[in-house]
Amino acid sequence: MTDRKSLILTYLFSLTAGVFGLHHLYLGRTQHAILWCTTFGGFGLGFLYEFFFSIYKYVQEANEDQHVLNHYKLKMLQRKSPSFEIRRFCGQLITSIFYGFITYYAFPDNWHKQPLLALLAGICTVLAIAVGTQMVGTLGPRQCSFLWPLLGALFGLPLIVSRNESSSPSFNLSAFLCSIFFEWQVEWNPTYFSKLIINKESQCSIPPKRKRRHFVQRCLVFGLGIMIFGTVFTSAVYQNLQVDIKGRRVKVKDVLSEFFKSQEFLLLYQQILNILRQLWTFYLRHGLKGIWTKLWMVLDSESEKQAYETLNLQYGASQKQIESQCRALSRQWHPDRHRDPKEKQNAESIFMNIQQACDRLSTERQRRHLLNTQKRENP
């Protein structure tokens, strides 16, 4: 590989935004980056473990170090499938339960009381459980058909769908069976490394035609994964978050629903619509340039008003009044008239504001005089 990854940069990315998977995105481990970002760094524990024990190995894998290739080549020749890892198995269980939990509660409560809608929510939940198992299980040179973890998760569907009002759904059995089915069918992924494919008959490696994803592609995949998770997570929070109002627990969605039906919101909505209509009409007449010019004039006018306030003058004061006030305030707040260090520092700040206000109004008067002259000459 020509694009070698730096160990120092990897640690730097891990320290700055490791819980969001930035270092994994840098190393080309897009799946791991999505997993870290959606589980907040492997629920904190995974991030800490890899920071102290695994990052060096990840960099070696990304660079396809010869020692790593030889290590996995030997493993693939010795065993038909990867060995069971208790740490990975626990990660699969926790992640799949978490994904299933937020997916289930992302649906409205009334869905879980209607058979068909409850079944749809349950199927989406077991799908999320299978995705969590698959994502953790296939990190590294491992692969498994998604159908197997999905089949295992489906066996736990009855405990998710058929719940009573007094009981909560159970995701444990579905997650456990999902992980068991995955471990049963997991195998080596010989194309994980672009320089290594095992041919058991000749006992040699054959270079495959495989290319790593471009960084932009990885970012797009990462963004899509985070967008999907963010939508589900936001829905789960919206459907279930509660606040305390006068000693009574009320769901946020109910509060928002009442707000959107209130007279205040309807009035605000009408005002916003009127502003948008006026803005659209102005755009049709004057275009984007006209909008920008109008906006600049409004901001310019506000700046001019602040300058009058700084000089303690009425808006629209004459040029003579402005010049007289500028001279008087400049003498009063000149730093040389103050000897105390604190007073001198304060006077310097006020003096600078006065000078800026005087310059601002003088420039504005000159600009307006020039515009009026041009209009008289070119009516």
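## Burial and overall make-up

Of the 379 residues in the chain, 35% are buried. Keep in mind as you look around that this is a predicted model. The chain holds 17 helices and 6 strands. Among contacts with a separation of 6 or more, 64% join residues 24 or more positions apart.

## Annotated transmembrane regions

The unreviewed UniProt entry marks residues 7-27, 33-52, 89-107, 119-139 and 219-238 as "transmembrane region".

Isoleucine 8 falls in helix 1, which spans residues 7-17. Is isoleucine 8 buried or exposed? Its relative accessible area is 68%, so isoleucine 8 counts as exposed. Tyrosine 56 is 48 residues away from isoleucine 8 in sequence, with 9.8 Å between their C-alpha atoms.

## The second largest pocket

If you are browsing for open space, have a look at the second largest pocket, with a volume of about 820 Å³. Its lining is made of 33 residues, and the closest to the pocket centre are Tyr58, Arg87, Arg88, Val136 and Leu139. By residue class, the lining has 14 nonpolar, 9 polar and 10 charged members.

Which helices supply at least two residues each to this lining? They are helix 3 (30-38), helix 4 (40-43), helix 5 (45-53), helix 6 (55-62), helix 7 (66-78) and helix 8 (86-104). Helix 8 gives the largest share, with 6 residues.

Helix 4 includes phenylalanine 40. This residue is partly exposed, because its relative accessibility is 43%, between the limits of 20% and 50%. Outside its sequence neighbours up to four places away, phenylalanine 40 touches Val19, Phe98 and Phe233. For phenylalanine 40 and valine 19, a sequence gap of 21 residues goes with a C-alpha to C-alpha distance of 5.4 Å.

Phenylalanine 43 is also found in helix 4. Although it is not a glycine, phenylalanine 43 has a positive phi of about 60°. With a relative accessible area of 35%, phenylalanine 43 is partly exposed.

Glutamate 64 is another residue with a positive phi, about 50°, although it is not a glycine. Its place is the loop between helix 6 and helix 7. Why does glutamate 64 count as buried? Its relative accessibility is 4%, and buried means under 20%.

Threonine 125 is in helix 9 and is buried, with a relative accessible area of 0%. Beyond its neighbours within four places in sequence, threonine 125 is in contact with Gly100, Thr103, Tyr104, Ile160 and Phe171.

Leucine 119 is found in helix 9 too. With a relative accessible area of 37%, leucine 119 is partly exposed. Leaving out residues up to four places away in sequence, leucine 119 touches Leu157 and Val161. The C-alpha atoms of leucine 119 and isoleucine 160 are 8.9 Å apart, while the two residues are 41 residues apart in sequence.

## The buried side of helix 10

Helix 10 runs over residues 147-154, and Pro149, Leu150, Gly152 and Ala153 are buried there. Why are these four on the same side of helix 10? They cover an arc of only 160° around the axis, so they share one side of the helix.

What covers these buried residues? The cover includes helix 9 (115-137), helix 11 (157-161) and helix 12 (172-185).

How values were computed. Residues numbered from 1 in each chain as written. Predicted model: local features only at pLDDT ≥ 70, side-chain atom pairs only at ≥ 80, totals over all residues. Heavy atoms only, no water. 1 Å grid on protein atoms, 1.4 Å probe; cavity = no way out; pocket = protein on both sides within 12 Å on 5 of 7 lines; lining within 4 Å. Points joined across faces, edges and corners; volume = space filled by probe spheres on them. Nonpolar A, V, L, I, M, F, W, Y, C, P; charged D, E, K, R; others polar. UniProt positions renumbered as here; feature names shortened; annotations may be inferred. Buried < 20%, exposed > 50% of the residue type's maximum accessible area, 1.4 Å probe, protein only. Contact = heavy atoms within 4.5 Å. Arc of directions from axis to C-beta.
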